[in-house]
Amino acid sequence: MAGVGVKLNYIFKKKSIAARVTGVTYSIIITIAPVLLVMGTILLMGVVLGFNEVDYLKRELFSATVLYMFIFGLITVAPFSSVLSKYMEDVIYEERFEDILPCYYTGLAMSIALGCLAGIPFCVWEHVVGGIRIAYVFCGFCGYISVALMFYSLSYLAICKDYERVSMFFFVGMGAAFFLCLFLNIQRGWGLTESMLLSLTAGLFLVAAMEFAAVRRYFNKSSGRYKPVLGYFKKWWQLVIVQLFYIFGLYVHNFVLWTHETRTVIANTFVFNEPYDMASCLAMFTNISATVIFISNVEMHFHEKYKNYSEAVIGGKKADIENARDRMFRQLSGELMNLVRVQFIISIVIYLSCVVFLPGFGFAGSVLRIYPCLAVGYFILFMMYAEILFLYYFNDLTGAVITAFGFFAGTFLGTLFTMNLSEIWYGAGLVLGAFIGWSAGYGRLRYVEKNLDVHIFCNGRLLKRGYGPKPSGLVYRKHGPDENEA
């Protein structure tokens, strides 16, 4: 992502208010604009067409379907994305661009296979037990697969650094979804929830198709070498574990609260906890600016220090290597502290705004009682994820696994305990899990800092590792005269 840092440096070097606004806007576009566009389109459909006037059961069924589409669509691609991204980065470094399409197709097939394996039984249950019309079920399933394909292709376009084009894809897709919804509901007389679901599915599929076309445009040659791609899952299995623990930790507190007595069950199929899920959404958006801040600062500042250290290792003197290492870790510490300071101020402002203004829009009661604790949890969570990314920089996959596992286990066990307390403590399980993960990540970064020279200079092998009978330990034998004569 060094290209992002170059562009942000070019914007911010003017040191004017307009430049800062432009830089912040660009950072938002390359990070969270797609999420905002999808959510904004759904809200705009509801406001324009009167979603609140629809029957309660239909509203809840639509909301649950969209919720499941995005949560499980993201979980579907999580096991594959990091390993395949690593493979593609290595291929690009070695300039074997013809191997990228086999990687893309392999992951695409695996994502679709896993999505069908998990989604089809659920859809059968939804139709047979829940009694939901098969057309509605099929539309929801197509939306789920489209979300999975959309998230999957994003990792490839991210490496191509074509963030503006990705945001444009979402703008076009969600714009088409909005106008299709108006046409189906007003001109064709379809039901509102049916129109919204079909339009959203069509828009997401259009985004996924444009992403697919963009990947094919960038990489138009295929070597047909699929076996090395699968070998990467064995070689870099820790990346799979990190992603699984992180993504499940991100949602496990919701899943636990879905078993609480306050849960809602729709059509004997969809289970969710509306107050807690809504509070989780608010808490996540309270702290999501941390993603923008982190990517901007790391790309503008830390990446340069990391590059300087790498160049010093290749051809520098001992003093140069030590100075570059010290500067790099000072920059790392500074970026983490700056992220905490800035995000803390932003979170406080957004939190106070939510407490003051949201009751006027109907968000009160349980939602606002659960929200504060979750806001703290997501604040720590985003700090923890920044540490995981720094551990990736130093190839400390063991540390990343420990951090992600601590986060998942702490969140799961903590939520099992806090769900029996009063509402204001429901989110304490996320706080506990995120704090455990943050502490583990911080400890591993300190460990890496103290042992970086060992990691860099003592990790190679003079002899190739092999399997078979152990060779003799005898290196040299001096023969005396008698032995030679014998």
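Residues are numbered from 1 along each chain as its sequence is written, and side-chain values use heavy atoms, with hydrogens and water left out. As the model is predicted, local features require pLDDT of at least 70 and side-chain atom pairs count only at pLDDT 80 or more, whereas totals for chains, interfaces and linings use all residues.

Helix α9 spans residues 227–235; helices here are DSSP runs (H or I, at least four residues), numbered from the N terminus. Its buried residues are Val229, Tyr232 and Phe233, where buried denotes under 20% relative accessible area, exposed over 50% and partly exposed in between (1.4 Å probe, protein chains only). Viewed down the axis of α9, these buried residues fall within an arc of 100° and therefore line one face of the helix; the arc is that of the directions from the helix axis to the C-beta atoms. Lys227, Lys234 and Lys235 are exposed on the other side of α9. The buried residues of α9 pack against α4 (56–93), α5 (100–128) and α10.

Helix α10 (residues 237–257) contains His253, which is buried, at 0% relative accessibility. Apart from neighbours within four places in sequence, His253 is in contact (heavy atoms within 4.5 Å) with Tyr276, Ser280, Leu374, Tyr378, Thr411, Thr415 and Leu430.

Met39 is located in helix α3 (residues 33–49) and is partly exposed, with a relative accessible area of 32%. With neighbours within four places in sequence set aside, Met39 is in contact with Cys281 and Phe285. A separation of 9.5 Å is computed between the C-alpha atoms of Met39 and Met174, which lie 135 residues apart along the chain.

Technical notes: Helices (H or I, at least four residues) and strands (E, at least two) are DSSP runs, numbered from the N terminus.
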